[in-house]
Amino acid sequence: MIEKITAYRFERLDETLSQLNREDCAIIAGGTDVMVLHKSRRGVPPKIPKPIVFINHLSELKQVYQHHKDLHIGACCTYSELLENPLIPFALKNAIKTIAAPAIRNRGTLGGNICNASPAGDMLPLLYVYNAKLLLRSVNGDRMVAISDFIQGPRQVQRFHNEMVTEIILPFVLGDSHVVFEKVGNRNADTIAKVSFAGFVRISKDRIDDIRFAFGAVGPTMVRSIDIEKKLIGKTIPLADADIAEIVAAFDKIIRPIDDQRSTAAYRKTVALHLLRYFLSMKQYQPN
Amino acid sequence: MIKFTLNGRTVETDAPATARLLDLLRDEFELIGTKEGCGEGECGACSVFVNNLLQNSCLIPIGSIAGADIQTIEGIIETEQFKILDESYSIAGGVQCGYCIPGMIMASAALLSENPHPSEAEIREGISGNLCRCTGYNMIVEAINLAAKKGDGL
Ligand SMILES: Cc1cc2nc3c(=O)[nH]c(=O)nc-3n(C[C@H](O)[C@H](O)[C@H](O)COP(=O)(O)OP(=O)(O)OC[C@H]3O[C@@H](n4cnc5c(N)ncnc54)[C@H](O)[C@@H]3O)c2cc1C
Ligand code: FES
Ligand code: FES
């Protein structure tokens with residue numbers, strides 16, 4: 001028996017949003033997560049339980065531009081497109097280069113990585129430390145949500161069925177900020193991170209003006225603590241050993257990774273805390 | 001009905017929109033050079049060009065490629081670039097069982113079109129999404145290197 005599959009592919013975003021408003025649909029951007037998740041036997045189309053809406057051809061979702069100094073990135077930009085775009089910050093490009101292989105980077109989208117909400121999504125730690133916001137659009141209008149509020153747990157996001165993520169917004173950061181991304185895994189091309197880390201710091205005259213960090217793959221969502229970050233603001237670098245130990249101890253309490261086929265909880269925690277310790281040593285941010 | 005260009009010809013299909021491009025190519029269009037290895041984007045055996053970009057056909061629902069230009073290994077076989085790759089792979093001994101090779105050639109062609117004189121690291125990155133269970137990769141890397149020298153910009 002052939003099952004009937006309903007799918008829509010509109011030429012315009014507004015038509016697409018009207019369809020999402022009429023019916024609860026499954027959105028497919030690049031499909032690199034969806035097609036694997038719903039894979040069936042060879043020759044048999046994946047079973048996706050809802051009507052499908054394709055979006056990755058919509059030019060409205062592929063723009064990258066600056067507005068009031070904030071960077072707006074269209075949800076359906078692929079990784080390859082972002083790698084080629086001069087407006088995209090280096091740190092984000094470095095993280096993109098750790099994602100899979102060229103063929104996946106030609107299809108996978110930034111919006112897909114966010115909405116898939118994997119604890120190991122490689123774009124997420126950096127987007128957290130950039131305080132990224134998401135523009136959600138529906139027939140009723142736009143709303144803006146912080147990424148940390150949008151992502152609720154593995155594959156769980158705070159999105160109404162008539163909404164779509166249209167843009168990812170990186171608020172302006174001063175040019176002298178340092179941003180880093182580290183990923184620990186096996187083979188890039190199919191590696192889901194065992195642990196990942198993003199750090200952001202702005203130092204003026206040896207004093208920390210702003211500092212943020214987020215860990216990936218060590219909990220159901222990214223681990224970030226603004227309370228812990230605050231303890232470091234105003235301190236001079238190099239940080240005292242006691243300060244570093246205090247911050248590491250604080251994260252030791254809140255990082256609760258799991259064992260799975262990729263790694264163990266103990267390994268993940270040890271590596272996460274090492275990455276933090278290295279970042280806090282700030283070796284790379286001191287003159288000479 | 002979904003319409004797209006396949007190896008230069010306009011084609012149509014009434015397969016469901018979620019059908020994988022890979023299955024359509026092999027079962028409906030009988031283009032069996034494109035292989036299925038993992039079916040999950042990890043092995044590259046199913047590599048094709050979508051609007052000239054290397055992609056895994058096992059991850060492509062055909063509804064998303066309406067109007068697109070698709071090329072398979074069969075579609076590039078007449079190109080000068082293919083001939084040079086073909087020759088270089090045989091000289092370097094880059095082919096054993098051959099299962100990964102159509103995908104490898106697609107990845108090699110994509111790499112050389114974008115970067116005609118890649119370093120060894122760039123070659124390895126270019127084929128990083130393609131698994132080979134036989135050769136251990138060194139001969140394939142050598143083949144691409146050879147093709148880059150012979151092709152000189154092709
Ligand atoms: C072989 C392989 C290797 C991979 N390697 C990595 C890796 O190294 N690191 C990594 O982080 N990921 C990796 N991935 C996962 C995947 O490629 C990425 O998460 C990618 O960014 C998903 O984007 P997509 O457009 O393909 O998403 P899709 O599969 O199209 O969608 C994913 C989810 O997001 C929803 N969605 C997509 N766009 C929107 C939108 N605009 N608004 C609302 N909802 C939306 C979809 O409904 C779906 O639930 C890999 C996948 C494969 C197959
Ligand atoms: S079959 Fe498509 S990548 Fe393996
Ligand atoms: S030659 Fe056998 S898999 Fe590559």
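User: What makes a residue pair count as a polar contact, and how many such pairs does the rule find across the interface of chain B and chain A?

Analyst: A polar contact is a pair of N or O atoms within 3.5 Å; within protein, one must be able to donate a hydrogen and the other to accept it, and residues adjacent in sequence count only if both atoms are side-chain atoms. Across the interface of chain B and chain A, 10 residue pairs qualify, both residues being at pLDDT 80 or more. This is a predicted model, in which local features need pLDDT of at least 70, side-chain atom pairs count only at pLDDT 80 or more, and totals for chains, interfaces and linings use all residues. Residues are numbered from 1 along each chain as its sequence is written, chains are lettered from A and ligands numbered from 1 in the order in which they are written, and side-chain values use heavy atoms, with hydrogens and water left out.

User: Why is the pair E40(B) and K39(A) called a salt bridge?

Analyst: The term requires a side-chain nitrogen of Lys or Arg within 4 Å of a carboxyl oxygen of Asp or Glu. The closest N and O atoms of E40(B) and K39(A) are 3.6 Å apart, so the pair meets the rule.

User: What makes a residue part of the contact, and how much area is buried between chain B and chain A?

Analyst: Contact means heavy atoms within 4.5 Å; chain B contributes 31 residues and chain A 29 residues. Buried area is the accessible area (1.4 Å probe) that two parts lose on being put together, summed over both. For chain B and chain A it is about 2,500 Å², with 56% from carbon and sulfur atoms. On the side of chain B, T18(B), L59(B) and S64(B) supply 24% of the area buried against chain A, more than any other three residues.

User: Why is one space called a cavity and another a pocket?

Analyst: On a 1 Å grid over the protein atoms alone, a cavity is a set of points where a 1.4 Å probe fits but cannot get out, whereas a pocket is an open set with protein on both sides within 12 Å along at least five of seven lines; lining residues have an atom within 4 Å of a point. The largest cavity has a volume of about 60 Å³, and its lining includes Q81(B), L112(B) and D152(B). The second largest pocket has a volume of about 640 Å³. It is lined by 24 residues, with S80(A), P102(A), N106(A), A110(B) and E114(B) nearest its centre.

Technical notes:
Points joined across faces, edges and corners; volume = space filled by probe spheres on them.
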